[in-house]
Amino acid sequence: MLAMVAAGTVMMSSPDLELWYDRPATKWVEALPVGNGRIGGMVFGGVGSERVGLNEDTFWAGEPIDASGHGRPELLAPLRKALFEGDWAKVDGLSMQMQGPYTQSFLPFGDLSLDFGEGFEATDYRRSLNLMSGVATTEFLAGGSRISRKIYSSLADPVMVVEIDGARDFSVGLSSKVRHSVFGRRGRLVMTGEAPIHADPNYLGGDDRTAIRYLKGRGMKFCGMVDVMAEGGVVRKEGERLRISGARRAVIRVALRTSFVDRFTAPHLGPDPVALCERDLADSPIDGMRGRHERKFRSMMERNLLVLSHPERLSRNDWPTDRRIKEFGDTNDPGLVVLAYQFGRYLMVSSSQPGTIPANLQGIWNEEMRPPWSANYTININTQMNYWPALVTNLAECHEPLLDFVRDLSKAGEKTAQSFYGARGWVAHHNTDLWAHSYPVGAKSGSPVWANWQMGGPWLATHILEDFRFTQDADRLRKNYAALEGSATFLRDWLTADPRVGREGELTTAPSTSPEIGFWAKEGVGVSTGIGAAMDLGIIKQVLADSSEAARILGITQGGDWLSLRGRVAPYRIGKRGQLQEWSDDWLEHDEKHRHLSHLWAAFPGAEINVDDTPELAAAVRRAMDLRGDQSTGWAMAWRLCLWARLRDPERGYGMIRRLLVLSGEGTNYNSGGVYANLFGAHPPFQIDGNFGATAGIAEMLVQSHRGDIHLLPSLPSAWPDGEVRGLRVRGGHTVDLKWALGKLVEAKIWPYRGVKSLKVRYDGGELEGAAPNGTIVASGKMLRITVK
């Protein structure tokens, strides 16, 4: 139920906003995630024992490195010559010689274990995760008593908390897959250790004994510290555990810290994590702890609320979440869509807070020493997708860690641009990590189809002005402007004239890859490295336009004539199949059903190609999507959802939601996708960008603002005839509430950004009351209530 308390303030209480299950989790993708941006936990909800998987956002393998010696800028000219002359036998080999080392891995911190003894006969079992409060609860009856455990990573205090009622006797332990020791210290349990100095990516194979390397005294130091308050009971050390006896109630506080200083300082030079844990515990008083956390968590989650309903389809709140997922294909349960939408926002709040490290491929939740793709930052789509919902769903502060990271990456990337390409500005490629790795990975043997891609930095740079469009925060824009202009500076040096007949005067990119797909240059000749990938062109045009616009907003003299340069960039082209061409030439791709949609970047997340302003190119995007197909990996289907919404095809968009809300199995079938029992996105394996992309896509179906106007319900599917959404943000800094019934808008409320005199509002289902023919509505600075005539 939704209730208006005051203008712009909403309260919501709904079972739709709770994941719940009738049995404990047996594996990671069934456990329930909690987090405060820095400390992550996975709660299994056991009966006789409890496992909470622990993560800390700065706990990574490795240290800062200088790989500039791997650069081979002298190879750029012969590589371009081979490309423009069509000497395809040479191009991939030359590209591989321009690669640097691999990135490092995000590590599991360890496990918190609770042991309640043998002989538990549990009934009335329930475990749940409240998305509004950020609290995971396990409850059951045993021995005539109700036992309750509430676990959360506090947004208000720098600790994780476990509150136990009903279990009088139990023990607490800490363990880790990383080399460590456990000991007692002033009535507390302490675990200390040191991370490996290197961990090979999992996809390189090999034995962990050789792939994971320690160098004593050089790795990241870490400490986990447990403090127990046992009400009416006794706490004592027993081996490597704490034993609690006779407690009516217990509160366990868990502090996790590392010796991380910043991305450019060796971790062994950092502070003592033991002292940091002791400080965190001292700064986290037990009284009122959960209330402090819940108030802050709710204040973020309740900014944006959604209700969807259908007269013939029930929201099956009375079913466990895993059953709801299994049967969604039959039920089309609208409440499960809401749950998935808010789960994406929940994961954002839990994994990305001001002052923390950005959410990685698994957010902040990982149990493996060599996790899939190192659980690092894949910046050819996945990291950027993580942050697609942050601004539109009213979580702008969660976007800050990404912007902070881009600033650091721009500093590291200056040396890479110079040493690898002889270019000014800064560059980053396909992968990065905690240490702001900006080099092309691959170690001279990786496929250029993913390793040699120079647009990772420029794509990240597009987030800088996009942040301003939603927040109107000029101070934040000024803080990040140098990184934006530095990216434009690199692109000015990277662009090259296309000398081929008919392309005179065009600036293009060579070498160029379209992540992560190759093409047939001619019959039987498969190649990864090409010329003028459409993704390159879209990103470059956006960065150049953004740099010019940001300088105008800030009153700064531009470092180049960015708009003139943009005008010389090669155009998009339409191929013989009617599709938007992926490269400068109409080459046939290796895999027509490939998961990536790189060539469609300018349609989403870009906006240069759209249905209204470039209908012919938009039709070519649609044709390209038809050729690729809808079934794919989890995150790739989320991208398709966003694109179908942007193309204003609501039924194809809803079809992607139906494909996403399928219970995934194990393994790595790249075309299975779906979600796991705990709603984690399945690549498979677990990859969190699918969650974030799905939330962004649902928001895109309800409101769009990429053309400068506010387009209400642009892609509403027939599955949601009735609904209400409150607290969406749009470009211009405005906030939007919508209510609709029988598939038609009933009312919109818009809170204009301060000082705005007029707004352009669009609704395709009827004429808006009080709007001029072009959609302009006068804004008085107060809330606008808009209805349909």
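**Figure 1. Alanine 443 sits in the loop between strand S23 (431-432) and helix H12 (448-451).** The model is predicted: local features need pLDDT of at least 70, side-chain atom pairs count only at pLDDT 80 or more, and totals for chains, interfaces and linings use all residues. Residues are numbered from 1 along each chain as its sequence is written, and side-chain values use heavy atoms, with hydrogens and water left out. Helices (H or I, at least four residues) and strands (E, at least two) are DSSP runs, numbered from the N terminus. Most residues other than glycine have a negative phi, and most peptide bonds are trans. Alanine 443 has a positive phi, near 55°. Its relative accessibility is 39%, so alanine 443 counts as partly exposed. Buried means under 20% relative accessible area, exposed over 50%, and partly exposed in between (1.4 Å probe, protein chains only).

**Figure 2. Tryptophan 373 also has a positive phi, of about 50°, without being a glycine.** The residue is found in the loop between helix H8 (334-351) and strand S22 (377-378). Tryptophan 373 counts as partly exposed because its relative accessibility is 23%.

Figure 3. Proline 511 has its place in the loop between strand S25 (507-508) and strand S26 (519-522). Proline 684 belongs to the loop between helix H19 (650-660) and helix H20 (689-702).

**Figure 4. Strands S4 and S5 make a hairpin with three residues between them.** Glycine 37, in the turn, has a positive phi of about 95°. S4 (residues 32-35) sends Leu32 and Val34 one way and Pro33 and Gly35 the other. All four are buried. S4 and S5 (residues 39-43) pair in the antiparallel sense over four bridges. Two strands pair if DSSP finds at least two bridges between them. Methionine 42 in S5 is the bridge partner of proline 33.

**Figure 5. An open sheet of seven strands runs in the order S4-S5-S6-S7-S12-S19-S18.** The pairing is antiparallel. S4 and strand S18 (234-238) are the edge strands, each pairing on one side only. On average, neighbouring strands of this sheet are turned by 20° against each other, direction ignored. Axes are lines fitted to C-alpha atoms, for helices over the stretch in contact, and angles run from 0 to 180 degrees between N-to-C directions. Strand S7 (residues 110-115) and strand S12 (residues 170-175) run antiparallel, joined by five bridges. Serine 113 stands opposite glycine 173 in S12.

**Figure 6. Asparagine 386 lies in helix H9 (residues 382-386).** Asparagine 386 counts as buried because its relative accessibility is 2%. Its side chain reaches the backbone oxygen of alanine 359 at 3.1 Å. That is a polar contact: a pair of N or O atoms within 3.5 Å; within protein, one must be able to donate a hydrogen and the other to accept it, and residues adjacent in sequence count only if both atoms are side-chain atoms. Not counting residues up to four places away in sequence, asparagine 386 touches Met348, Ala359, Asn360, Ile688, Asp689 and Phe692. Contact means heavy atoms within 4.5 Å.

**Figure 7. The structure holds 31 aromatic pairs.** The centres of tyrosine 377 and phenylalanine 405 are 5.2 Å apart and the ring planes meet at 35°, so this pair is tilted. Rings of Phe, Tyr and Trp (its six-membered ring) pair if their centres lie within 6.5 Å; planes under 30 degrees apart count as stacked, over 60 as edge-to-face and the rest as tilted. The pair links distant parts of the chain, 28 residues apart: tyrosine 377 in strand S22 and phenylalanine 405 in helix H11 (residues 400-421). Both tyrosine 377 and phenylalanine 405 are buried.

**Figure 8. Phenylalanine 519 and tryptophan 587 form a stacked pair.** The distance is 4.2 Å centre to centre, with 10° between the planes. The partners are 68 residues apart: phenylalanine 519 in strand S26, tryptophan 587 in the loop between helix H16 (562-567) and strand S28 (588-589). Phenylalanine 519 is buried, at a relative accessible area of 0%. Tryptophan 587 is buried as well, at 11%.

**Figure 9. Ring pairs link Phe297, Phe343, Tyr346, Trp365, Phe680 and Phe686 into a cluster.** Arginine 323 lies over the face of tryptophan 319, at 3.7 Å from the ring centre. Lysine 541 lies over the face of tyrosine 572, at 4.1 Å from the ring centre. A charge sits over a ring if NZ of Lys or CZ of Arg is within 6 Å of the ring centre and within 35 degrees of the ring normal.
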